Amino acid sequence: MRVPDDTENAIRCVDLSVSRSGRGQAIRAVDGVTTTLEAGETLCVAGPTGSGKSSLAAALAGARDRTLSVSGGDAFVTGISVRHPGRAHRVLTYRTGYLPQGGGATLPSRLTVSEVISEPITARDRRVNQRALSVRVAALLDEMHLPLGAAAKFPYELSAGMRQRVAFARALILDPRVLVADEPLANIDLEVRHVIFDAIIRRQQEWGMAAFLVTNDADLARELDADRLILRAGHVVAAGDAEVLRWTPGMKSTETLLVT
Ligand SMILES: Nc1ncnc2c1ncn2[C@@H]1O[C@H](COP(=O)(O)OP(=O)(O)OP(=O)(O)O)[C@@H](O)[C@H]1O
């Protein structure tokens, strides 16, 4: 099987629609989104609650979620279709580091922090060199400003902010080409904000990691010199770079928010 590989466009959404089906009827959580994120760049997605940000992120990350389906258009992540990834799904989730919404609060409770962080590797290959893995986990703990002793602890023994940094480390363990992080700053104290910021910048500079971030934090978008995408009711209402947001005709900037 030859897996597509687009090294320029980390993410390319083409009229992408994503449906959610809960107990009731399916709804279109994301409706006709077209956007591109190039390698090495950052895109911050903002919008009010229920506007489809998390559904978009989950679809792009190839999350296994029965309530979620790509119902129109497509998106290509490093060239791999998220609508019909087929056997390339494994490569898609290998190239993409995913921090789901509430990632810190939903860590596997029976695993130690070290096991949680290394799970994306151990789940793929059980014969991994344990010593090399421990070194890698230790380096990530250090980068996340977490004590080395946290490795042997269980998630419930850590604060919410520490757990979020553990979830972030887990998203980074495979040296992803694309980071999809849903509210990466959730529960993160002001003093350690820069840890998240620095980790993203370092990887962008080292290997051109692209970052797709769900955040309503305008400061983060500014600090990362990110492009912006503003959603409302599943639609893109504005998009642009850090300086200029272009509003979709018919949308009033005052309606939307948050991103000034
Ligand atoms: N697991 C789910 N099952 C069914 N419907 C869902 C599910 N998750 C989200 N939805 C619905 O999909 C729509 C988009 O929600 P989504 O969580 O993607 O938006 P959001 O912008 O990320 O919101 P928030 O900022 O509150 O997280 C909403 O109408 C929501 O009710």
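User: Which residues come nearest to the ligand?
Analyst: Of the 14 residues around the ligand, the nearest are Arg20, Gly22, Thr49, Ser54 and Ser55, where a residue is near a molecule if its C-beta atom, placed from the backbone, lies within 6 Å of it. This is a predicted model, in which local features need pLDDT of at least 70, side-chain atom pairs count only at pLDDT 80 or more, and totals for chains, interfaces and linings use all residues. Residues are numbered from 1 along each chain as its sequence is written.

User: Which element gives the largest share of the shell around the ligand?
Analyst: Helix 1 does, with three residues, and both strand 2 (27-38) and helix 1 (53-60) supply at least two residues each. Helices (H or I, at least four residues) and strands (E, at least two) are DSSP runs, numbered from the N terminus.

User: And by class, what does the shell have?
Analyst: The shell around the ligand has ten polar, two charged and two nonpolar residues. Here Ala, Val, Leu, Ile, Met, Phe, Trp, Tyr, Cys and Pro count as nonpolar, Asp, Glu, Lys and Arg as charged, and the others, Gly among them, as polar.

User: Changing topic, where does Glu183 lie?
Analyst: Glu183 lies in the loop between strand 7 (178-182) and helix 6 (193-207), and although Glu183 is not a glycine, its phi is positive, at about 55 degrees.

User: Is Glu183 buried or exposed?
Analyst: Glu183 is buried, because 22 other C-beta atoms lie within 10 Å; the cut-offs are 20 or more for buried, 12 or fewer for exposed and partly exposed in between, counting other C-beta atoms within 10 Å of the residue's own, all placed from the backbone.

User: What about Asp225, buried or exposed?
Analyst: Asp225 counts as exposed, because it has 12 C-beta neighbours inside 10 Å. Asp225 is not a glycine either, yet has a positive phi of about 50 degrees, and it lies in the loop between helix 7 (218-223) and strand 9 (227-232).

User: Now the helices: how do helix 3 and helix 5 cross?
Analyst: Their axes come within 7 Å and cross at roughly 30 degrees, the axes being lines fitted to C-alpha atoms over the stretch in contact, with angles running from 0 to 180 degrees between N-to-C directions. The two helices are therefore roughly parallel to each other, a term for angles under 35 degrees.

User: Which residues meet there?
Analyst: Val113, Val116, Ile117, Glu119 and Pro120 in helix 3 meet Val166, Ala169 and Arg170 in helix 5, and by class this contact (C-beta atoms, placed from the backbone, within 7 Å) has six nonpolar, no polar and two charged residues.

Conventions
Angles under 35 degrees count as roughly parallel, over 145 as roughly antiparallel, 65 to 115 as roughly perpendicular and the rest as oblique. Two residues are in contact if their C-beta atoms, placed from the backbone, lie within 7 Å.
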